[in-house]
Structure formats: C-alpha cells, structure tokens
Amino acid sequence: MTTSDTTQATSPPAEVAGDKVPWTLHVGFFAMVIGMFMSILDVQIVASSIRQIQAGVSASSDEITWVQTGYLIAEVVGIPLSGFLNRVFGLRRLFMMSAAAFTVSSVLCAMSWDLDSLVFFRCIQGFVGAAMVPSTMAAAFTLFPGGRSMTQQVMIGMVATLAPSIGPTLGGWITGHMSWHFLFLLNVIPGIVAVVLVWRFIPRQEGEANLLRRIDLMGLVSMAVMLGAFEWIVEEGPAEGWSQSGMIVRWTFYCIVATGIFFYRAFRVEHPIVDLTVFRDRNFASGAIVGAVVGFVLYGSVYALPLFLGQVQGYSALQIGQIMGVSGLAMFFGGPIAGALTRRFDPRLILGTGLIMITIGVAGNAQMTQESSFNELFWPQAIRGVGLIMTMVPTTNLALGTLPPLRVANASGLFTVCRNLGGAVGIAFLNTLLLHYNSLHQQELSAGMSIARPEVQAWLSQTAARLQSAGVADPQGAAMMELGHRVQMEALVMTYNNLFMAMAMASAAAFLIVFVLRKPNPAAAPVAAH
C-alpha cells in the first residue's frame with residue numbers, strides 16, 4: 001500500500017456510528033452495483049447481437065463464437081482470483097482497478113479492426129472485469145453492520161437476475177438503431193461514474209502487497225487451464241459431439257490433469273491461490289449448489305425461450321423482448337419484497353418458497369404449443385421471475401452470512417464461479433438435450449405420418465386441393481413439404497418442453513438442500529477500513 005493511501009483521511013467504517021450507515025457508503029456501494037450490472041449485462045447484449053458483429057468483422061459462424069467464448073473463459077479464470085487480489089490490494093482499490101480496466105478494454109473492443117483484435121480485447125475485458133461481481137458481493141457483507149446489509153443483498157440479487165433478462169432486448173435495440181460498436185461503448189460512462197464514486201465514497205482498506213511475492217504460480221496456471229478448458233469443453237462439446245471430437249477428448253485430459261494439480265496445490269501449499277476450505281462450511285457448500293442450479297435455470301431459460309419464440313413462432317427481436325421483459329419486471333418489483341421477507345422471516349423459508357415458484361414457472365413453460373403467445377407465457381414468466389429473485393437474495397445471505405468477514409471476499413468469488421459454471425454447464429446440457437430430443441421426436445412423429453394411413457392421405461388431399469386453388473404449380477409436392485414442416489415444428493415444440501421440464505426437475509431437486517442449511521448469524525461484524 002502506498003504512503004499516500006495511508007496518510008490521507010479515510011472514510012469511516014460502517015460500524016463507527018453504531019448501526020447508522022453513512023449515506024456516502026450507500027452511494028459508493030450503488031456505484032459498485034453499477035459496475036457489477038455492466039459486467040453481467042455485457043455478456044448478454046453481445047450474445048444477442050453476435051450476427052451483427054460477425055458481419056462487422058467479416059468472420060465465419062465458427063470463428064465469431066470466440067468473441068463470447070474467449071470472454072467467458074477469461075472471466076471464469078479471473079473470478080476466483082478476486083479473493084486473493086482483494087487481500088493484496090484491498091476491496092476499494094481492487095474494484096477501481098477492475099472497473100477502470102473493464103472500461104478501457106470496452107473502448108478497445110469498440111475500436112477493433114478485425115476478428116483477432118476483437119477476440120484479444122474481449123479476453124482482456126473478461127479477465128480484468130471479473131473482480132467486479134465478487135467484490136460487490138463481498139462489500140455487502142463486509143462494509144455494512146450485521147443485519148443492515150439486506151438492502152445491498154437485494155440490489156445484488158436484482159442485478160444478477162435482471163441483467164440476463166433484459167440483455168437480449170437491449171442488445172437487439174442497440175444494434176438495430178445504432179451499430180455493434182455501441183454494445184461496448186455503452187460501458188464507458190457507467191464505468192467512469194463507478195470508478196469516481198467508489199474512489200470518493202468507499203472506505204480504504206489496507207492491502208497485503210507482500211502476498212504477491214508468495215503467489216503460487218503453479219496453482220495459478222493449473223487453475224487457469226482447469227477452468228478455461230472446462231468452460232471451452234462445455235461450450236463446444238454439444239456441437240462437436242463430445243467424445244466424437246479428438247480435440248474435446250484431448251482438452252478433457254488436460255483439464256483432468258490440471259484439476260489434479262490445482263487441488264493438490266490448494267490443500268498442500270501454505271498460501272494457495274484459492275482457499276477451498278470454505279467449502280467445509282455447510283451453508284456455503286449448500287448455497288453454492290443452489291447458486292449453480294439458479295444459474296442453470298436463469299441462463300438456461302434466457303437461452304431456450306428466445307430460441308423457441310424465434311424458431312417456432314417466428315417472433316421478431318422486439319416481440320421476444322416483450323415476453324422476456326415480463327420476468328425482468330417481475331424480478332425488479334419482487335426484489336424489495338424478497339428483501340423484506342428475508343429480513344423478517346427465516347431466509348430458509350423464503351429460499352424454499354422461491355425454489356417452488358421457480359419450479360412452477362419453468363414447468364409452466366414446459367406446456368407450450370405452436371400457438372403459445374404472450375398471454376399464455378405471461379404467468380410462467382412472472383412466476384419464474386419472482387421465484388428467481390426470492391431465491392437469489394436468501395441464497396447469498398445463507399451462503400455468505402455464516403462466514404467470518406475475512407473469508408467473505410474469497411467465498412464470494414467461489415460463489416460467483418459456481419453460479420456461472422452452473423449456467424455454462426446447464427446450457428451445454430440443454431444443447432445436448434436439444435439435439436437428442438429433436439432427433440428422437442422427429443423420428444417418432446415421422447413414423448406416425450406414414451402416407452399409408454388414411455388420415456394422412458385425407459390431410460394431404462385436402463391440403464393439395466387448397467394449394468391448387470391458390471395457384472400453386474405442384475400442389476402434391478407442396479403438401480408433402482408442408483407436412484414435413486409441421487412435423488419439424490411439432491418436434492421442436494416437444495423438444496423445448498423437454499428442456500424446460502429438465503430445468504423444473506433441477507430446481508425441484510435443489511429444494512431438498514433447504515433442509516440442511518443453518519440460519520445465518522445476523523450479528524456478523526463488518527471489516528473495518530484502514
């Protein structure tokens with residue numbers, strides 16, 4: 001830590017004035033939430049506009065996926081490092097460095113001149129911005145007195161669930177009205193505001209710079225290979241046919257070797273790069289599992305429903321955004337309610353209620369037909385949205401609320417990794433199910449559509465007559481094509497229903513974890529600033 005940092009006047013820690021929290025601390029924390037929101041939102045708005053970016057940098061469909069894959073791999077490697085870096089630099093300085101670097105790399109992404117430069121800058125953006133989410137989560141527990149952090153936890157829950165829901169709509173609107181460059185330039189003003197407000201209003205913490213001299217380089221490299229390879233495998237596995245791809249098999253082997261080295265170093269060296277002993281805490285381990293399931297349902301539903309609406313219903317980006325916006329609004333209005341209920345009642349009860357609502361909402365999406373529209377999808381979306389925010393708030397409270405304050409920064413990074421990996425593995429799982437069930441249902445339906453059946457012959461005759469009266473040159477051939485199209489659409493509907501039912505089963509299974517959780521200690525003391 002520099003001399004200037006120690007000699008300047010510092011903002012008072014939250015507990016100086018007893019239970020009263022200075023308004024400046026609320027402003028500083030809100031700035032951290034802004035940075036967290038931009039970090040999560042950036043993934044979704046880019047994903048929704050990948051075709052426009054592909055045209056802008058003249059890339060193939062296979063090459064352009066690295067714009068997202070590179071970012072996600074770099075981010076998942078950077079997130080668990082946040083606990084170590086928090087000890088080295090302190091919470092305030094780490095967040096400022098992360099937000100400033102994220103803002104600069106966003107500008108570089110917007111200035112990219114080809115695919116290689118864009119992928120390179122996206123990897124930098126993902127790695128340097130990775131610390132913002134776990135730092136904000138740690139701040140909610142370490143800067144505010146025990147029992148006074150619920151508002152901050154609600155804000156984190158709303159951001160973590162709202163950003164993925166509105167991201168596709170916002171990304172589509174930006175590329176439709178401006179250009180793909182503004183997907184990255186969007187981060188500039190909020191990034192600057194976040195850095196300035198955090199510098200001004202968040203208390204300084206004393207770092208341990210000497211830890212850099214004792215960093216476990218082998219543990220760091222093995223962790224990077226383990227998480228990076230795993231993220232790439234689950235991203236590319238479904239399209240490559242998993243074990244049918246030699247590249248997937250080789251990187252799976254590298255991932256297993258790196259995992260063995262990482263865990264050996266994590267439990268044998270004096271200063272491991274990541275402290276995994278936090279998983280010995282029953283609440284944290286259970287909360288991390290619930291967080292992974294929530295990540296699966298959150299990112300899985302945001303991934304699957306727009307695909308259904310686009311492929312089956314033929315909806316435009318605006319129409320898809322209107323339906324997806326229902327869950328976003330439900331999360332927004334349900335956040336304060338979830339916080340109030342968690343503050344007043346046992347958070348385990350609120351968590352169980354949220355998981356039940358998620359299960360009901362997602363199971364409602366598993367009843368879709370080709371005629372499903374806004375009215376039929378409204379209530380499943382609304383119920384799922386409220387359930388997600390009611391789950392996210394108490395899960396964070398239960399997972400981190402039983403830990404000593406000095407362990408929260410490391411634990412918040414691991415908690416974020418579990419949620420992100422839950423989403424990544426979940427989407428890979430859904431992609432695999434999509435390919436499997438779509439093929440299976442097409443075979444089943446095609447077997448029942450034999451032209452030897454009188455019902456099929458009657459339908460073909462009626463359709464051919466209708467098409468002939470409409471002036472179609474080959475009515476019989478067109479009728480057969482229409483029958484094939486209907487079989488494909490019905491197979492897709494059944495497939496997407498299977499995907500949502502799989503998510504419903506996962507959230508229902510997570511409900512059992514509620515029974516092993518302990519109620520968090522509301523009197524945990526915050527970490528004093530220095």
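# Briefing: an all-helix predicted model

The protein has 21 helices and 0 strands. The model described here is predicted. Its radius of gyration is 25 Å, which agrees with the value near 24 Å that a compact globule of 530 residues would have.

**Overall form**

- Along its principal axes, the C-alpha trace spans about 90 × 50 × 45 Å.
- Of the 530 residues in the protein, 52% are buried.
- The accessible surface of the protein amounts to about 22900 Å², and carbon and sulfur atoms account for 66% of this area.
- Contacts between residues at least 6 apart in sequence were examined, and 83% of them join residues at least 24 apart.
- Gly-56 belongs to helix α3, which covers residues 50-57. Gly-56 counts as partly exposed because its relative accessibility is 45%, between the limits of 20% and 50%.

**Salt bridges**

- Side chains of opposite charge can pair when their charged atoms come close. A search of the whole structure finds 5 salt bridges, and three of these pairs are described here.
- Asp-42 and Arg-122 form a salt bridge through their side chains, with an N to O distance of 2.5 Å. Asp-42 is in helix α2 (residues 23-48) and Arg-122 is in helix α8 (residues 115-128), so this pair ties together parts that are 80 residues apart in sequence. Both Asp-42 and Arg-122 are buried.
- Asp-216 and Arg-265 also meet in a salt bridge, at 2.7 Å from N to O. The pair links distant parts of the chain, 49 residues apart: Asp-216 is in the loop between α12 (188-201) and α13, while Arg-265 is in helix α14. Asp-216 is buried, because its relative accessible area of 6% is under 20%. Arg-265, at 23% relative accessibility, counts as partly exposed.
- Asp-281 and Arg-518 meet in a salt bridge with an N to O distance of 3.5 Å. Asp-281 lies in the loop between α14 and α15 (282-311), and Arg-518 lies in the segment after α21 (475-510), so the two side chains tie together parts that are 237 residues apart in sequence. Asp-281 counts as buried at 16% relative accessibility, whereas Arg-518 counts as partly exposed at 31%.

**A nonpolar patch on the surface**

- Met-218, Val-221, Val-225, Met-247, Trp-251, Phe-253, Tyr-254, Val-257 and Ile-261 form a nonpolar patch on the surface. Together these residues have about 800 Å² of accessible area.
- The elements that give two or more residues to the patch are α13 (217-240) and α14 (246-268). Helix α14 gives the most, with 6 residues.
- Trp-251, one of the patch residues, lies in helix α14. Its relative accessibility is 34%, so Trp-251 counts as partly exposed.

- Thr-359 is located in helix α17, which covers residues 347-365. Its relative accessible area is 19%, which is under the 20% limit, and therefore Thr-359 is buried.
- The side chain of Thr-359 reaches the backbone nitrogen of Ala-508 at 3.4 Å. Apart from neighbours within four places in sequence, Thr-359 is in contact with Ala-504, Ser-507 and Ala-508.
- Asn-431 is located in helix α19, which covers residues 408-448. Asn-431 is likewise buried, because its relative accessible area is 17%.
- The side chains of Asn-431 and Tyr-303 are joined by a polar contact of 2.3 Å. When neighbours within four places in sequence are left aside, Asn-431 is in contact with Pro-238 and Tyr-303.

How values were computed: Residues are numbered from 1 along each chain as its sequence is written. This is a predicted model: local features need pLDDT of at least 70, side-chain atom pairs count only at pLDDT 80 or more; totals for chains, interfaces and linings use all residues. Side-chain values use heavy atoms; hydrogens and water are left out. Helices (H or I, at least four residues) and strands (E, at least two) are DSSP runs, numbered from the N terminus. Buried means under 20% relative accessible area, exposed over 50%, partly exposed in between (1.4 Å probe, protein chains only). A polar contact is a pair of N or O atoms within 3.5 Å; within protein, one must be able to donate a hydrogen and the other to accept it, and residues adjacent in sequence count only if both atoms are side-chain atoms. Contact means heavy atoms within 4.5 Å. Patches are made of residues with over 30% relative accessible area and no salt bridge: like charges are joined within 9 Å, nonpolar side chains (Val, Leu, Ile, Met, Phe, Trp, Tyr) within 5 Å. Accessible areas come from the Shrake-Rupley method with a 1.4 Å probe; for residues, only the protein chains shown count as cover. A salt bridge is a side-chain nitrogen of Lys or Arg within 4 Å of a carboxyl oxygen of Asp or Glu. The radius of gyration is taken over C-alpha atoms; the globule rule is 2.2 Å times the number of residues to the power 0.38.
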